Each structure stands twice: as structure tokens, then as C-alpha cells.
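Here are my notes on the model, point by point. Please read them with the structure open.

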Amino acid sequence: MNGTNNNPGIALSGESYNNTFNNNTITVSGNETDNYGIYFLGGFFKPTDNNFTNTIINTSATYAARGIYITNGGTNTNIFNHTTIYTTGNESYALFILNSNGTILENTIFNDTNQWINHTGTSETNLTNTTYATPNGSI
């Protein structure tokens, strides 16, 4: 997907339950801000039990690209296994989580990302076998 701003590759919200995504490459770019590879938006209903396996995420923006963006109670046991994330742009993050619980990332590579992780609020996240392959990233 290519646009100016606010472009999600995959967006899950509300009652997005028990979805399986296998062997996908997601590429999102824009000239301005807020481009997301995978976007979870919570609320009263939360995306739950979604599984992503063998996923490559490429996001770019002038400002604020997010590989995986989870916000406002946006998850409840969503699993990413064998995921590689590339992000470019100022204040861009491979993984951005705000007030959300139950995200599991296994065998993840943060590769060539501007920033690795922004984890804010009362979020609980499990990262197992994670590779930080960027010399200038931060948590």
C-alpha cells in the first residue's frame, strides 16, 4: 500500500477473532506520517487469538512508521511467530504498544529499524528469541 498518511497494511479491530495469517509480506509507505504494517485497535471488543506466521513487514514514512502498532487495549493473546520487521522514518518503531496486554512475539527480527520498541502504559508483552539487528535501535 502506498499513500500519503494513515495507511494500515492489515487493520484489526472490534470483533476480529481467531484469524490466521501465513506467509505474508506487508509493505506500506507514505510521504507523511502514520503508516502501519499491522494495526490493532481495541476498545470494548478486542482483536483476540489472531496468529501471524512467517510475516515480513516493511513500513516507511517521513515520520511515525510502525511495523506492528497496538493501541487502546487492542489485543488479547495475539501471536506473531517468525516475523521480520523493517521500518524507516523519524520516530519510527518496529513494535509500538500502548496500554495493551497479551501480545506474544516469538522468533522475531527487528532488522534495519529506526527504533526497536516503544512500550507504554500497562502493557504486558512476551518476546522470545528476538534479534535486534540494527546498531542504532533503542528500547
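1. Start with Asn18. This residue lies in the loop between β2 (7–13) and β3 (20–30). Strands here are DSSP runs of E with at least two residues, helices are runs of H or I with at least four residues, and both are numbered from the N terminus. Phi of Asn18 is near 55°, a positive value in a residue that is not glycine. Asn18 counts as exposed because its relative accessibility is 57%. The cut-offs are these: buried is under 20% relative accessible area, exposed is over 50%, and partly exposed is in between, with a 1.4 Å probe and protein chains only.

2. A word on the source. This is a predicted model, in which local features need pLDDT of at least 70 and side-chain atom pairs count only at pLDDT 80 or more, while totals for chains, interfaces and linings use all residues. Residues are numbered from 1 along each chain as its sequence is written, and side-chain values use heavy atoms, with hydrogens and water left out.

3. His82 also deserves a look. Its phi is positive, about 60°, although His82 is not a glycine. The setting is strand β6. His82 is partly exposed, at a relative accessible area of 41%.

4. Now the overall make-up. How many helices and strands are in the chain? There are zero helices and ten strands. From the N terminus, the order of elements is β-β-β-β-β-β-β-β-β-β. The chain has 139 residues, and 45% of them are buried. Take the contacts (heavy atoms within 4.5 Å). Of those with a separation of 6 or more, 68% join residues 24 or more positions apart.

5. The accessible surface of the chain is about 6400 Å². Carbon and sulfur atoms hold 44% of that surface. Areas come from the Shrake-Rupley method with a 1.4 Å probe; for residues, only the protein chains shown count as cover.

6. Next, the aromatics. The whole structure has eleven aromatic pairs. In the pair Phe52 and Phe80, the ring centres are 4.8 Å apart and the planes are at 10°, so this pair is stacked. The pair links distant parts of the chain: Phe52 is in strand β5 (residues 51–71), Phe80 is in strand β6 (residues 78–90), and 28 residues separate them. Both Phe52 and Phe80 are buried. For the terms: rings of Phe, Tyr and Trp (its six-membered ring) pair if their centres lie within 6.5 Å; planes under 30 degrees apart are stacked, over 60 edge-to-face, and the rest tilted.

7. One aromatic cluster is made up of Tyr36, Tyr39, Tyr69, Tyr93 and Phe96. Arg66 meets two of these rings. Its charged end sits over the ring of Phe96, 4.3 Å from the centre. The charged end of Arg66 also sits over the ring of Tyr69, 6.0 Å from the centre. The test is NZ of Lys or CZ of Arg within 6 Å of the ring centre and within 35 degrees of the ring normal.

8. Check Leu127 in strand β10 (residues 124–132). At 31% relative accessibility, Leu127 is partly exposed. Which residues does Leu127 contact, beyond neighbours within four places in sequence? They are Leu95, Leu105, Phe110, Ile117 and Tyr132. Leu127 and Glu106 are 21 residues apart in sequence, with their C-alpha atoms 6.0 Å apart.

9. Last, Asn101, which belongs to strand β8 (residues 101–113). Asn101 is partly exposed, at 34% relative accessibility. Its C-alpha atom is 9.4 Å from that of Ile70, 31 residues away along the chain.
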